[in-house]
Amino acid sequence: ESLEQSRKTRLLLTNAFARNQWCQLEMTMAQHRLIEKDNDNLLLAVMEDIEPINLNPRLCLMVK
């Protein structure tokens, strides 16, 4: 509900976030909303260098 009601969504990317499955789910939901609404409402803030082991393909795409 929060994602649907928000005008903007900010994801703070850390290694802990990248390892956490719930955070991954939230990121996926935010991406789906971005595609569904066709607007630029997602802000990704990289807070630290992300270890390669923590980067899944979806996260790599977002960082690019």
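**Loop, helix and surface: questions on the model**

Trainee: N56 lies in the loop between β2 and α4. The model is predicted. What does N56 count as by relative accessibility?

Mentor: Buried means under 20% and exposed means over 50%, with partly exposed in between. N56 has 26% relative accessibility, so N56 counts as partly exposed.

Trainee: How many Å apart in space are N56 and E1, C-alpha to C-alpha?

Mentor: Take the sequence first. N56 and E1 are 55 residues apart along it. In space, C-alpha to C-alpha, their separation is 26 Å.

Trainee: Which loop holds I50?

Mentor: Look at the elements on either side. The loop with I50 runs between β2 and α4. Those elements cover residues 42–46 for β2 and residues 57–63 for α4.

Trainee: Is I50 buried or exposed?

Mentor: The cut-off for buried is under 20% relative accessible area. I50 has 17%, so I50 is buried.

Trainee: Which residues does I50 contact, leaving aside neighbours within four places in sequence?

Mentor: Start with L13. I50 and L13 are 37 residues apart along the chain, yet their C-alpha atoms are separated by 8.1 Å. With sequence neighbours within four places left aside, the contacts of I50 are L13, T14, N15, A18 and L55.

Trainee: E51 is in the loop between β2 and α4 too. What separates the C-alpha atoms of E51 and E36, in Å?

Mentor: E51 has 41% relative accessibility, so E51 counts as partly exposed. Along the chain, E51 and E36 are 15 residues apart. Their C-alpha separation is 30 Å.

Trainee: Q24 is placed in helix α3. Which residues is Q24 in contact with, beyond its neighbours within four places in sequence?

Mentor: Check the cover on Q24. At 13% relative accessibility, Q24 falls under the 20% cut-off and so counts as buried. Beyond the neighbours within four places, Q24 is in contact with F17, A18, N56 and L59.

Trainee: Which residues form a nonpolar patch on the surface, with about 360 Å² of accessible area together?

Mentor: L25 is at 40% relative accessibility, so L25 counts as partly exposed. M29 is partly exposed as well, because its relative accessible area is 44%. The patch is formed by W22, L25 and M29.

Trainee: How far apart in space are M29 and N15, C-alpha to C-alpha?

Mentor: In sequence, M29 and N15 are 14 residues apart. In space, C-alpha to C-alpha, they are apart by 19 Å.

Trainee: How many disulfides does a search of the whole structure find?

Mentor: A disulfide needs two cysteine sulfur atoms within 2.5 Å. The search of the whole structure finds zero.

Trainee: Which cysteine sulfur is nearest to that of C23?

Mentor: C23 is in no disulfide. The nearest sulfur is 17 Å away, and that sulfur belongs to C60.

Trainee: C23 and C60: what does each count as by relative accessibility?

Mentor: C23 has 19% relative accessibility, so C23 counts as buried. C60 has a relative accessible area of 30%, so C60 is partly exposed.

Trainee: In which helix is confidence lowest?

Mentor: The protein averages a pLDDT of 83, and 97% of the residues score at least 70. Confidence is highest in helix α2, residues 15–19, at 92. The lowest mean is 69, for residues 2–5, which form helix α1.

Conventions: Residues are numbered from 1 along each chain as its sequence is written. This is a predicted model: local features need pLDDT of at least 70, side-chain atom pairs count only at pLDDT 80 or more; totals for chains, interfaces and linings use all residues. Side-chain values use heavy atoms; hydrogens and water are left out. Patches are made of residues with over 30% relative accessible area and no salt bridge: like charges are joined within 9 Å, nonpolar side chains (Val, Leu, Ile, Met, Phe, Trp, Tyr) within 5 Å. Accessible areas come from the Shrake-Rupley method with a 1.4 Å probe; for residues, only the protein chains shown count as cover. A salt bridge is a side-chain nitrogen of Lys or Arg within 4 Å of a carboxyl oxygen of Asp or Glu. Buried means under 20% relative accessible area, exposed over 50%, partly exposed in between (1.4 Å probe, protein chains only). Helices (H or I, at least four residues) and strands (E, at least two) are DSSP runs, numbered from the N terminus. Contact means heavy atoms within 4.5 Å. pLDDT is the predictor's confidence in each residue, from 0 to 100.
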